[in-house]
Every structure is written in structure tokens, then in C-alpha cells.
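Try each exercise before you read its solution.

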Number of protein chains: 2
Amino acid sequence: MSSSRFDPSVDPAARRAAGGLKWNHYDPDVLPAWVAETDFAPLPEIVDAIQGLTDTGLFGYTGREDRLVEACVGWMKRRHDWTVDPTLVLVLTDVMQGVEAAVTAFSEPGDGVIVTTPVYFPFFKVSPSARRRQVEWPLSRGDGGWEFHVDELESILDSDPGIRVILLSHPHNPTGRIMDTETMDAVVAVAAAHEVMIVSDEIHSDLVYPGIDHRSLLTAAGARDRVVVSTSAAKTFAISGLRASVLVCGSRDVKHRLTAAHPRMLLGHVNCVGSRATSAAWESGDEWTDGLLAHLGAMRSRLIDRIGSEAPLVRFHPPDATYLAWLDLGACDLGDAPADRLVEVARVAVGEGSMFGNGGDKHIRLNFATSAEMLDEILDRLIPHLQG
Amino acid sequence: MSSSRFDPSVDPAARRAAGGLKWNHYDPDVLPAWVAETDFAPLPEIVDAIQGLTDTGLFGYTGREDRLVEACVGWMKRRHDWTVDPTLVLVLTDVMQGVEAAVTAFSEPGDGVIVTTPVYFPFFKVSPSARRRQVEWPLSRGDGGWEFHVDELESILDSDPGIRVILLSHPHNPTGRIMDTETMDAVVAVAAAHEVMIVSDEIHSDLVYPGIDHRSLLTAAGARDRVVVSTSAAKTFAISGLRASVLVCGSRDVKHRLTAAHPRMLLGHVNCVGSRATSAAWESGDEWTDGLLAHLGAMRSRLIDRIGSEAPLVRFHPPDATYLAWLDLGACDLGDAPADRLVEVARVAVGEGSMFGNGGDKHIRLNFATSAEMLDEILDRLIPHLQG
């Protein structure tokens, strides 16, 4: 609701000097398009909120997280037309903690947990470290892009009655695919028929392109007792390091199952800076986010145009959401580890597709959340190597 | 190692305006001497560290916590002559998360966990929410103060072979008592003989008074495979809200038991502000902490003098450590809930002794980590009511 403007410029030297992982993990001459973090200056209200804490010098006990929860409710209503019940929100430190807490609450050791490969690779740590069985529901690639085939989900669940959880990345990382309302309803119906819970990581849900309608899994028919959503302001506002997230339930019963599953203090507590920053983002970040989305839309179009005209061997289905492009380089002469090769020959760091599991071979994930100038330099460096 | 000076002054209006829990939980005319948080301005290097983050505007991924761990190793060596192995330190969000993680790693549902009553009341949530049995090893009060009787511990362990963990508050909250080296060695020996692990919350360990030697439980004979220490900079530097703590192990095996017990991402992640602030505190807070300790020593002496001369019915064994005074008001005419009564009649908020469990009836816990002026006003208000 504020008038804070989004600034689409990026100063590489300043980013590198700031000391973050994205700009310092590789040699200084390598341009970073790997980890899912934007390059932009933060929302001014986030800086103001943290400045307010340093000005008072009070970093002690601050009490309950009512303001963060209210800010979450407001944002989800305004941005997603999604009515969140504030009494059904749990505040945690990060989205993957929420995912792990929910998966372990809804399953026992030995139970099966579905992941939709290729997928955000930290998902592959969830089941093994909790002694659950990882089961794959692979995305299918049609002419129009990546698809969720619910009939395949149904036959997987039919053939493995030990599956207790479906873990979704929605919007889907790395493909950027979102489910339409019919598909969501069908997934929830199949889950209900098999008495399986759905854990939906929706951290990219703000970042949807024009003409595409993203709805939370919790808005699907019958989702109330079936779905938990783990999300945060970390991706839109680039505040992953501040560690604040929410786990949104649809019913008192689901919330109770979550809180009863874990000893009361095992999950730790959110910190006052992350809590204030997230509150500021969700209270005041609307216009800034509109600016971010307009810029990301332009970067996505630029990428589509240049890949289409200058690297026609690259197979690319533009994302419905996220600032990530999932590029199939199978027809290019880059070997089995194209990202490794590209950091050498093009001096651009991208995500290695094989890290995202089955379906990721000879793919790369490219982060286009940067300035127009940086994106053009990244593409200028990459495109000569994306040929036959 | 810095030259930053500790400032012993306190501005009540500014503290109240800053919005923290301590100064805002009660009516504005009530002086807060309850929750264990100091009233002083923060270490300047902590403010600088946070300011550095807001200046760069980088709140994203920051990578591993090597600097925090190194800062911990340096502080423990310089301040406590305690050699911590950096490869055996786990970084978490808060000390109680570390306590819960360790207790649940070293026991199964139904097992017994010892607490030393009266004790820091959040300890009473550890076992019930993890479906462990809480067993009490009460402190004994002798003429010289509160005592740990190891022979009593031994007979408790003899009579209940299902006990798997001893949970210690060391220095002990609320009594301020610390164990001497002989007692520590004996506790560890008894624990070893009964194959019981010790989880030691040492968050108050910096705050020790002259002539008293506090040693970490992990320095006791045989402690290496027997003891885990949960601690942080939160108490000394009043940064509880920033949420960063360490869990220090003595051996690779103990660390492995801790990490294997919990799914990898269930415990969440420390945030970049808390990590930087704690690093700054442990790297640069020596002289400031010396100043804090000198001031707290003076406040402790003032309290001893005034209670002794003006409220002789109060039974009080001065603390070896902590800025907490544990006062027995059994001889005063204040009823069964003296803290409730004192907030009404004296307009001072103190901790209600009964919250600390058995041994706490008709006691109060008074926080004396404030300015000389504030402490005198607190005592001026309290003392007329601490009579027969």
C-alpha cells in the first residue's frame, strides 16, 4: 500500500562487496544466475523496519507474532484473493523447516512421500533424513510445456498404499509451472481418496506472469483438511537470510496434528528482525512488488525472444511463475554437466539440471531476476555456447 | 578486544518506547524486574554489525556459519579458559531449542529426564511436550545457600533406571548457584555410571561474580562423551530476540547422535542478523562485558546491603552468578502469590516463585540488571512490603 518504487538497476560491484553467497561463491569474473535470489535493492520499508530496531537498540524479548500473522492475512487476501484464518497460521524460521515439520507430522518412518521431479533439490533431503521413502511423480513434458498428470498420481497411489504425503513445489521450481484450478481440485480429490496429505511449498506464488492465475492449493475443493502451505516473503523480497516463514493450515485439526507432532521448543523461534521485515514487506510491499513483476515480465520476454532467435536448439517452455528459466540443452554440445561447462567457457554460473533429479539431465536453471543490462550480458556470454 | 565502554545508565521512557516485552507487559507505572533481560544500551559493535547489513541492503543467502563458530571458540577460550572444538559446534536459533534437541536425541518417549527444582520454568515444558517423564532432583538449602547433593542424585538414578538425561541450568536459574569442580566431576561420574547424558544450559555463564570460578560442565572429568552445552550471547548482550545459539559437543560421537536424531531441516536455520550480532559480541565484547560485570557486582552488593539492613525477614543467599536474586518471602505477610501481590501494592513486577516449581513457593525472582537509580527505586518500592 506504500508508494515505494521498485528499482530495476543492479550494481555488480556493490552486490559483490556486500558479501552475499550469490555474488561471491564463484570467481569475481563469473556472472551469477544460479541460486534463486534477486539482485535488486530491498523494499525501503524493510530497511526502515530494521533501522528502527537498531535506532532503539532493543534486541530482546518481543512477545507474540500477531503482527506478522496479520500482515500475512492481509497480503494473501490482497495479492491472492486467499482468505487465511489467522488462528491457523504457525510462524517458523524458513519454508523448508515448515516442509519438514509437516512431512514428519503427517507420516511415520518408512512411509512414502511423493516429490514431483525434476524439483527443487533440497526436497531430496526431506525424506532420507526423516527415514521416509521418497517416491517420484515425474512431471510430463508435452508440446505446451511441463504437465502434472493426475491419472499418473492416482496409479502411483493405488500401487503404493504406504504413501502418506504429496510434497508439491507450487509454483513449481525449476519449471515455473503452476496447476490450473481443475488440476488442483483433482490432486486434492485423489489425495483425499487415498487419505494422503499435501504439503505445498508456495514461496514463489507472488511471482506470476500476466494472464496466468495462481491459486493456493489451500483454495482447492476439499483442501481444508488435506493441505498445508509453507511460504514466506523471502523470495519476492530477497530476505532469505532473515529467516521468517509461515505454515498455513486449513483447519484446527490439521494445525493440531502439526503442533502435537513436535516437542514444543524443538522448532526454535523466529527472530525479531525477520519478523519485523516480513511484516513490513507484507504490509507495505504492494506497489514495489507490482514494479518487480513488471520488470521480471520484461526480463522473461527478453529471454524468450533471444533464446528463440539466437539459440533455437535450446528447448524452453517459459515459466508461468518464478524468475527461473528451465532450459533443455540436450541438443547443444555441452556434455552431461552443462552448468559446470558453462561456468568454465562462458563465465556464467547457472544451476545444474541434474541436481533437480530425474528429468534434469542436460538442463540448466537460469535465474533472470537481474537488471536488463546484466541479463543481456549473461545471454551474450551464454548464447555462443548454446549451439549444436 | 574492543574499547567499547559499557554504559550503566537506563532511560525508562526510552526503554518503554522501544516496544520490548519487559517494559510493556505491565502497566506503565510498574517497574519491571521480572523477565531475565538487562536494561542497558547494546554493545556498539552489535549495532554496527546490523547497521552494516542495512547499509548494503543484502538480506539474502549468506552461506555457512564459520565466523560465528570461530567467534564462539575465541570467546570461550578467553573468557572461560574452555577449549571448544569448532567441528563439534552446532548453530541453532535459541538455547531452549538446543536443550529440546539434545534431550530428545538422548532419550525416547517414556524415559525420565531430571530437572533441578526450583528451576527456569520453560524446562517444565521440555519433557511433557516430548512425552518424556519429568523427574526432580531438588536443590537443598543449607545455611550457606542452595546446594547440589550428588548422593541424592545417585539414589534417584538408582531407583529409576528409565532416567536417560539430566537437564542442568548452570549457572542455576533462579538461585544463581554454580557447582564447584568437585561437584561437577561427581555429577558426571554418577551420570556415567548410570549411562545418563547431561544437557547443560549455560546461558548465564559469563555473569559470574569476583572470587567465584565457573567452569563449563564440558570441562569436568569424563564429560567428553557425556555432556552437551547449550548457550548463546543472548543473556550477556540482551539479544534474545535475534535468535542465535550454539550447541557444543565434546566428541564426534555425541555430535553424530544429535544430528542423526532430527530430520535435517526440522530445526530451521539461524538468521544472518543474529549470526552477525553474536559474532560481533563474541569477537569484540570483552571490555564491555567487564564493565557490565563490574556494574552488576555493584548492584548485587547494593541489593545484599539493603535487603540485609532494611528487610531482615527476607531469606536471601546471594547468587554466585546471574543478575537474578532468589528471595524467600515466607516470613513476610504477602500470601501465596507474593509477586502478584507486589505488582499490586508496590508497582514492581518480579518473577513468581511458584512458576519455578517445587521449592519456589513464597519466593520471588528479582532481576537487578538495571541502573543504580532504577534498582534503588525498585527497592524503595518493595522494601516497605517485605516486612512481617
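The exercises below work through a predicted model, each with its solution.

**Exercise 1. Find what A:Asp39 pairs with, and work out which parts of the chain the pair ties together.**

Solution. 
- Start with the partner: A:Asp39 makes a salt bridge with A:Lys22, and their closest N and O atoms are 3.0 Å apart.
- Now place the two ends. A:Asp39 sits in the loop between strand S1 (31-33) and helix H3 (44-56) of chain A, while A:Lys22 belongs to helix H2 (residues 21-24) of chain A, so the pair ties together parts 17 residues apart in sequence.
- Then check the cover. Buried means under 20% relative accessible area. A:Asp39 is buried at 2%, and A:Lys22 is buried at 3%.

**Exercise 2. Decide whether A:Asp29 and A:Arg347, which meet in a salt bridge, are buried or partly exposed.**

Solution. 
- First the contact: the side chains of A:Asp29 and A:Arg347 come within 2.7 Å, N to O.
- Next, the positions: A:Asp29 is in the loop between H2 and S1 of chain A, and A:Arg347 is in the loop between H13 and strand S13 (348-352) of chain A. This pair links distant parts of the chain, 318 residues apart.
- Finally, the accessibility. A:Asp29 has a relative accessible area of 39%, so it counts as partly exposed. A:Arg347 is at 21%, which also makes it partly exposed.

**Exercise 3. Describe the backbone and the side chain of A:Asp81.**

Solution. 
- Take the backbone to begin with. Most residues other than glycine have a negative phi. A:Asp81 has a positive phi, near 50°.
- Locate the residue: A:Asp81 is in the loop between helix H4 (66-80) and strand S2 (89-92) of chain A.
- Look at the side chain: A:Asp81 forms a salt bridge with A:Lys77 (3.7 Å, N to O).
- Compare with the solvent side: A:Asp81 is partly exposed at 49%, and A:Lys77 is partly exposed at 39%.
- For another case, go to chain B, where B:Lys362 has a positive phi of about 60°. B:Lys362 lies in the loop between strand S13 (348-352) and strand S14 (363-367) of chain B, and is partly exposed at 33%.

**Exercise 4. Identify the peptide bond type between Asn173 and Pro174 in chain A and in chain B.**

Solution. 
- Recall the background: most peptide bonds are trans.
- Check chain A: the bond from A:Asn173 to A:Pro174 is cis, with omega near 20°. A:Pro174 is in the loop between strand S7 (163-169) and helix H8 (181-193) of chain A.
- Check chain B: B:Asn173 and B:Pro174 are joined by a cis bond, with omega about 20°. B:Pro174 is in the loop between strand S7 (163-169) and helix H7 (181-193) of chain B.

**Exercise 5. Work out how covered helix H10 of chain B is, and how far it reaches.**

Solution. 
- Get the span: H10 (residues 272-284) of chain B has 13 residues and reaches 18 Å from first to last C-alpha, close to the 18 Å expected at 1.5 Å a residue.
- Count the cover: eleven of the 13 residues in H10(B) are buried, so the helix is mostly covered.
- Name some of them: the buried residues include B:Cys272, B:Val273, B:Trp282 and B:Ser284.

Terms used:
Residues are numbered from 1 along each chain as its sequence is written. Chains are lettered from A and ligands numbered from 1 in the order in which they are written. This is a predicted model: local features need pLDDT of at least 70, side-chain atom pairs count only at pLDDT 80 or more; totals for chains, interfaces and linings use all residues. Side-chain values use heavy atoms; hydrogens and water are left out. Helices (H or I, at least four residues) and strands (E, at least two) are DSSP runs, numbered from the N terminus. Buried means under 20% relative accessible area, exposed over 50%, partly exposed in between (1.4 Å probe, protein chains only). The expected span of a helix is 1.5 Å times one less than its number of residues. A salt bridge is a side-chain nitrogen of Lys or Arg within 4 Å of a carboxyl oxygen of Asp or Glu.
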